[in-house]
Amino acid sequence: MEVIEHLATGFVAAASLQNLLFCLIGVFLGTLIGVLPGIGPIPTLALLLPVTFGLDPLTGLIMLAGIYYGAQYGGSTTSILVNMPGEASSVVTCIEGHQMAKRGRAGAALATAACGSFFAGCVGTIFIAAFGPPLAAIAQQFTSPDYFSLMVLGLVMAVVLAHGSVLKAITMVLVGLLLGLVGTDLATGHTRYTFGIGGLWEGIDFLPLVLGLFGIVEIIRNLENPPPARDTISTRLRDLWPTKEEFRLAWPAALRGTGIGSILGILPGGGAVLASFASYTVEKKLTKRPHVFGNGAIEGVAGPESANNAAAQTSFIPLLTLGIPSNPVMAIMMGAMIIQGIQPGSAVMTARPELFWGMIASMWIGNLMLVILNLPLLGIWVRLLSVPYRFLYPAILLFCAVGVYSTSTEPFMMVLLIVFTVFGYILFKFGCEPAPLVLGFILGPLMEQNLRRSMQLSRGDPMIFFDRPISLTLLILAALVILLVISPQLRRKREEAFQEE
């Protein structure tokens, strides 16, 4: 009953005219960037971060959240009709969805993806409402050693689940930690790693780092390797309904995908991409008709699309309850909350209940809006694919520059943007994924604060991390994960998964 009362509070907060408008704007932009290849939610969220400064905290977060889970919806449209994933988590949908479209079942594939996504989004929202309060209650028992150990586990999981080489992922985490330490040490007042540059005394700003590593580098990547022309398969609204047989095959896959996504979305570094691939693998293992997979199996659309949307919703749980971002998108959301003067974590639920429950309620509203937007506007989304990228990238580049400059008129911010663009391009050429770097950058200062606080409490005795049961459990889990990833069998499985991706 208490959860229902809290949800009622959330719906009252989320249903204001302003919040509904910005929720609609968020899911519309999310669908748009999901449809258009080469943009993605990370640079878009970073780009629109300055827009939220003048908004009410709940309104701004509702819009940013709508962009994230809206992108999961939009990516399925182009994956099915054009065989071009607009979003990384929709790569798997191309395999079966486009084959269905070639057989004249594009409408059924699109409806299955939309309905599965809506169902998974609703379940994910319920998942947050049900498990958020208990996790927040547990988080209130955490002390500095426990938070430090939790962040260690988060970074270890980010390494394991990052694409490519484990060694490169570890390097990226360490680089992120070092970048997070740049600036003035609040404990001693001394500057660190500033090399005498006054612009670094307050540390490296989050916005130029994220826009440089993700936004502008993504433009350069797309200009270097423009997407090939694809044949578009049209569909009509009256062809959108699956047959009884297709529905019979799709709904168990959607249920399994929702369960997989709801769990994997919570894991640090996991998120929607991992969930969609895991769901597709499970469906291939469980199917009684393996010959259909690769030729348009509707289970291969329903499962992954449900999984990536459920994961997009539940990835908010660690951020809202523990104050730990589970992926780069959540790191940006965390940055938005901090800019608004809100410290993510268990205190949000008690100190700002309308914010916590309003966010949850807005996700259900946003998922309903997405169903209404996606199916009737298919023709418009497909026509957008005909816009040449050479017309899109100057606008994206301009918004990146304006977004950075609007947060601070210091010319040094633009210098940082250029520096991180060059650095991000070098990382791309060497096959290093920047996502673990961003997580390290966000968690680095928090880890340092909790480490120092712990050592002060114990008077320099490191056994404090092993004396507390919560901290010890988290460190044991981190050690087990490291041992697992070192094992040759798991390393082979990991490499096979990324090769398949």
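**Close-ups of a predicted helical model**

**Figure 1. The whole protein.** The fold has 23 helices and two strands, where helices (H or I, at least four residues) and strands (E, at least two) are DSSP runs numbered from the N terminus. This is a predicted model, so local features need pLDDT of at least 70 and side-chain atom pairs count only at pLDDT 80 or more, while totals for chains, interfaces and linings use all residues. Residues are numbered from 1 along each chain as its sequence is written, and side-chain values use heavy atoms, with hydrogens and water left out. Of the 501 residues, 55% are buried (buried is under 20% relative accessible area, exposed over 50%, partly exposed in between; 1.4 Å probe, protein chains only). Take the contacts (heavy atoms within 4.5 Å) between residues at least 6 apart in sequence: 79% of them join residues at least 24 apart.

**Figure 2. A salt-bridge network around Arg192.** Here Asp185, Arg192, Glu448 and Arg452 are linked by salt bridges (a side-chain nitrogen of Lys or Arg within 4 Å of a carboxyl oxygen of Asp or Glu). Asp185 pairs with Arg192, with 3.9 Å between the closest N and O atoms. Asp185 counts as buried, at 6% relative accessibility. Arg192 also meets Glu448, at 2.5 Å from N to O. Because Arg192 sits in strand β2 (residues 191–192) and Glu448 in helix α20, this pair ties together parts that are 256 residues apart in sequence.

Figure 3. Arg248 and Glu245 form a salt bridge, their closest N and O atoms being 2.6 Å apart. Both lie in α10 (residues 244–264), three residues apart, or about one turn of the helix. Arg248 is partly exposed at 47% relative accessibility, and Glu245 is partly exposed too, at 42%. The whole structure has eight salt bridges.

**Figure 4. The second largest pocket.** This pocket holds about 1300 Å³ of space. On a 1 Å grid over the protein atoms alone, a pocket is an open set of points where a 1.4 Å probe fits, with protein on both sides within 12 Å along at least five of seven lines; lining residues have an atom within 4 Å of a point. Its volume is the space filled by probe spheres set on the points, which are joined across faces, edges and corners. Of the 39 lining residues, Gly180, Glu202, Gly203, Ile204 and Pro445 lie nearest the centre. Helix α20 gives the most to the lining, with nine residues; other elements supplying at least two each include α8 (166–180) and α19 (411–429).
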